[in-house]
Amino acid sequence: MTEMFIPDTGMETAAPAAAVSDSTPAPAPASAEPAEGGFAIPPKFRDPTTGQLRAEALIQSYQELERKLGATGTPRPDVPDDPDGYEIAIADPQFEIDKEVNARLHQAGFSRQQAQLVYDLATERLGPIVSRMATAFETQRQVDRLAERFGGQEKWSEMSQQLSSWGKANLTQDVFHALASSYDGVLALHRMMAEARSEPGLGRVEHRGDDMQTEQQLREMMKDPRYWRDHDPAYVAKVTRGYERLYPSEG
């Protein structure tokens, strides 16, 4: 006897499967096929032809997820959609926002706060270096002007030694440093030294106006912090004009 696949209960046999095939739901598509463990794999990670997993797509998706989450696995919604989304504040006028740097920061997944920190560190660490370089450049520029004023580098080198010796012997340290640190100050120092050597002693007065000062008065003015410390433009100009009036031949 042929073995039956359903038990014989003596009741009427059910209709063949073919008779009800039109109402049977279609099987789920291969793309919704669950992976091992019961997790459904999105279609974009399967080869549409073979149904095999696409390892490259999985890796790329993971790397993108890792970039967004960061090393700690914590979401970082503060990462802008594009480099232009960084709102960088720079206090030091020596620096400015660099679009290329911002692009690299964005590519690395830096948040707005992290990008700002990069600029803050650059200002903190590089600012003093840039300032020193700018000061050195300006100093050399003034030295070149003085060399030209005194007839060349060799003559200026000789004169600078004389000015240094005379200034240190006759002026306070603060006043001497203030004069020696600028072009106009060195010229004033030169006028003072020339007059002291030609007419020893202080107190020369030129009566060409009510606002004329004696050399002693001008020296006292040079001790004022506005002159040697603050380099107040108006105050320095007043002292310079005073010496020009006293010693016009040295102007």
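The model is a predicted one, in which local features need pLDDT of at least 70 and side-chain atom pairs count only at pLDDT 80 or more, while totals for chains, interfaces and linings use all residues. Residues are numbered from 1 along each chain as its sequence is written, and side-chain values use heavy atoms, with hydrogens and water left out.

The chain holds nine helices and zero strands, where helices are DSSP runs of H or I with at least four residues and strands are runs of E with at least two. Of its 251 residues, 25% are buried, that is, under 20% relative accessible area with a 1.4 Å probe and protein chains only, whereas exposed means over 50%.

Helix α2 spans residues 99–107, and its buried residues are Asn-102, Leu-105 and His-106. Seen down the axis of α2, these buried residues fall within an arc of 95°, so they line one face of the helix; the arc is taken from the directions from the helix axis to the C-beta atoms. Glu-100, Arg-104 and Gln-107 are exposed on the other side of α2. At the N-terminal end, Asp-98 caps the helix, with a side-chain oxygen 2.9 Å from the backbone nitrogen of Glu-100, and after α2 comes Gly-109, which has a positive phi near 85°.

Elsewhere, Arg-145 lies over the face of Tyr-183, at 3.7 Å from the ring centre, and Arg-149 lies over the face of Phe-150, at 5.5 Å from the ring centre. For such a placement, CZ of Arg must be within 6 Å of the ring centre and within 35 degrees of the ring normal.

Methods
A polar contact is a pair of N or O atoms within 3.5 Å; within protein, one must be able to donate a hydrogen and the other to accept it, and residues adjacent in sequence count only if both atoms are side-chain atoms.
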